[in-house]
Each structure stands twice: as C-alpha cells, then as structure tokens.
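Have the coordinates open as you read.

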Amino acid sequence: MSKFRIRGRRRRNRHVHQERVPLKSIVPNLITSIAACAGITSISLSSEGRYLPALWALLVACVCDGIDGRVARLLKASSKLGAELDSLADFVNFGVAPAMFMYFWFTGGPSHVIDGEPVNPILIRTVLACSLFYAMCDCFRLARFNTMLEQKTAPYWKHFFTGVPAPGGCWMVLTPAVISLCGKWSPSPIVGIFMLLLVGTLMASRLPTISLKAVHIPKRYMLPTLAGLLLLIAFLVSNFWLTIGVVGILYILTVPITGFIFLKVRSKYLSQG
C-alpha cells in the first residue's frame with residue numbers, strides 16, 4: 001500500500017510542478033503591457049491638447065516594443081500569448097495613437113478651435129476619415145505579418161520588410177507635427193491628410209522597405225558609420241525632436257531607393273537560380 005501511495009504523491013507533485021510558471025516568463029509580457037499603457041496614455045494626452053507629452057509617451061511605447069522581443073529571447077520566455085499581445089499593443093501604439101494624435105493636432109483638439117476660430121466641420125470629418133484609414137492600414141499590416149510568419153519567403157526578402165513596419169510608419173506620419181512642435185514649420189491640414197493617406201498606403205502595401213536587422217557593414221565602412229552614428233547622437237542631444245523629424249523625412253526618402261535596390265537584388269538572385 002505504501003508503494004502505491006508514494007507513486008500517487010509523485011504523480012501529484014509532477015502535476016503541480018507542470019502548472020507552475022517561471023516568474024521570468026512574465027517579464028516580456030509586462031514590458032509589452034507597459035508599451036500598450038504608454039500608447040493609451042498618448043491618446044489621452046493628445047485629446048487634452050498636451051502634444052509634447054503625448055509624443056514622449058509614444059516614444060516610451062516604441063522603446064518597450066523594441067526590447068520586449070529581445071528580453072523574451074534572452075530569458076527563453078517566448079510564447080504565443082506574448083506574440084498575440086505584442087500585435088494588439090502595436091495596433092494601439094502605432095495605429096490608433098498616432099491616428100488620434102494627427103486628428104486632434106490638425107482639428108484644434110477636442111474644442112476644434114484653431115487661433116480662436118472654429119474649424120470647418122467638413123475638414124474635421126475628412127481628417128477623421130483619413131485617421132481611420134491609417135489605423136486600419138496598420139491593423140491590416142499587422143494581421144498580414146502574423147500570417148506571413150507561417151509562410152516561406154524568398155531568400156532575397158531577408159534584407160527587406162514587406163511594407164513600412166508599424167513603428168516606422170508611426171514616426172513617418174507624425175513627422176509634420178514633430179517638426180511643427182520645434183517651431184520650424186506650421187503645416188496645413190492638407191499636409192496631415194496627405195501623410196495619413198501616404199503612410200497608411202505604404203504600410204498596407206507590399207513594397208519592400210529596408211530592414212536594419214539584416215544589414216551588415218563592411219569593415220572598411222565601420223569608422224565612417226560610427227562617426228555618422230555619433231553625429232546623430234550629438235544632434236539628438238542638441239535638438240531631439242527636430243532630429244527625429246528630419247530622420248522621419250529621410251526614412252520616407254529611403255522607400256523608392258530601397259525599391260530600386262530590391263529590384264537589383266531580386267534580378268541577381270533569379271539570374272543565378
């Protein structure tokens with residue numbers, strides 16, 4: 001009888017051990033949750049007309065989005081739950097939050113008043129429609145990204161993203177507002193509408209965009225690259241938001257250049273095959 005009791009206890013202990021979850025597995029999901037909270041906070045701040053704090057909240061969301069996956073791989077705590085949570089957080093942070101920021105920015109906030117004059121209702125509805133378009137393009141891109149994880153892609157795609165990635169699209173669409181906050185430019189709502197439509201289309205498209213994760217720098221270019229990065233850091237320290245706005249413009253300009261490079265890489269691969 002004692003032998004059977006011992007075996008039963010061992011089975012129960014093994015079952016209890018399987019139900020326990022390591023504390024380290026919660027850390028990546030916690031970082032993703034912080035990113036989502038930062039995105040929601042940005043929406044709240046932009047609705048109150050506090051645009052600069054709203055941008056800082058989006059920056060926190062972007063940083064958290066960049067490290068949660070790496071922390072998960074470092075701790076060996078990757079999970080399907082974390083992947084789904086990350087996609088939902090990305091939709092809030094890089095789809096809804098920038099769309100609402102642009103809506104409030106170009107329609108005078110919740111009061112819809114700019115320089116003491118009410119904003120045209122037609123303009124308000126137009127900006128809202130374009131903001132919705134941008135947000136849904138981001139949603140479509142994230143959904144397509146999740147489905148492509150299970151599909152094999154051609155080797156020449158390893159240096160490229162399909163469409164503009166969500167974080168990049170977020171800062172691309174915010175470029176007019178970022179530069180305007182520096183007092184260097186006062187864009188019209190037409191510019192905001194154009195950016196929402198352009199960036200939304202680029203995110204939902206299948207155009208190749210550069211992937212810095214797969215870029216390898218030759219040794220002879222290491223010193224110039226390091227010097228360029230140090231110069232970028234110096235500009236960020238001296239005038240952070242203006243530098244972010246300029247980087248956003250440069251990123252937009254890389255799209256056609258990347259397309260040309262992609263065509264050359266693909267033709268070279270097909271000729272070898």
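Predicted model: local features only at pLDDT ≥ 70, side-chain atom pairs only at ≥ 80, totals over all residues.

Packed helices are described by the angle between their axes and the distance between the axes. Here, the axes of helix 4 (residues 80-106) and helix 5 (residues 121-148) come within 9 Å, with a crossing angle of roughly 165°. Angles over 145 degrees count as roughly antiparallel, so that is the label for helix 4 and helix 5. As for handedness, helix 4 goes past helix 5 in a right-handed crossing.

Who's touching whom? On the helix 4 side, the contact includes Phe-91, Phe-94, Pro-98, Met-102 and Tyr-103. Helix 5 answers with residues including Ile-124, Val-127, Leu-128, Tyr-134, Cys-139 and Leu-142. Sorted by type, the residues of this contact come out as 13 nonpolar, four polar and two charged.

**The cysteines**

| Cysteine | Closest cysteine sulfur | Sulfur distance |
|---|---|---|
| Cys-139 | Cys-137 | 9.9 Å |
| Cys-170 | Cys-62 | 6.9 Å |

The sulfur of Cys-139 is too far from that of Cys-137 for a bond, and the sulfur of Cys-170 is likewise too far from that of Cys-62.

Are these two buried or partly exposed? Cys-139, which is part of the helix contact, counts as partly exposed at 30% relative accessibility. Cys-170 sits at 0% relative accessibility and so counts as buried.

Notes: Residues numbered from 1 in each chain as written. Heavy atoms only, no water. Axes fitted to C-alpha atoms, helices over the stretch in contact; angles between N-to-C directions. Helix = DSSP H or I, 4+ residues; strand = E, 2+ residues; numbered from the N terminus. Parallel < 35°, antiparallel > 145°, perpendicular 65-115°, else oblique. Left-handed = near helix turned anticlockwise from the far one by under 90°. Contact = heavy atoms within 4.5 Å. Nonpolar A, V, L, I, M, F, W, Y, C, P; charged D, E, K, R; others polar. Disulfide = S-S within 2.5 Å. Buried < 20%, exposed > 50% of the residue type's maximum accessible area, 1.4 Å probe, protein only.
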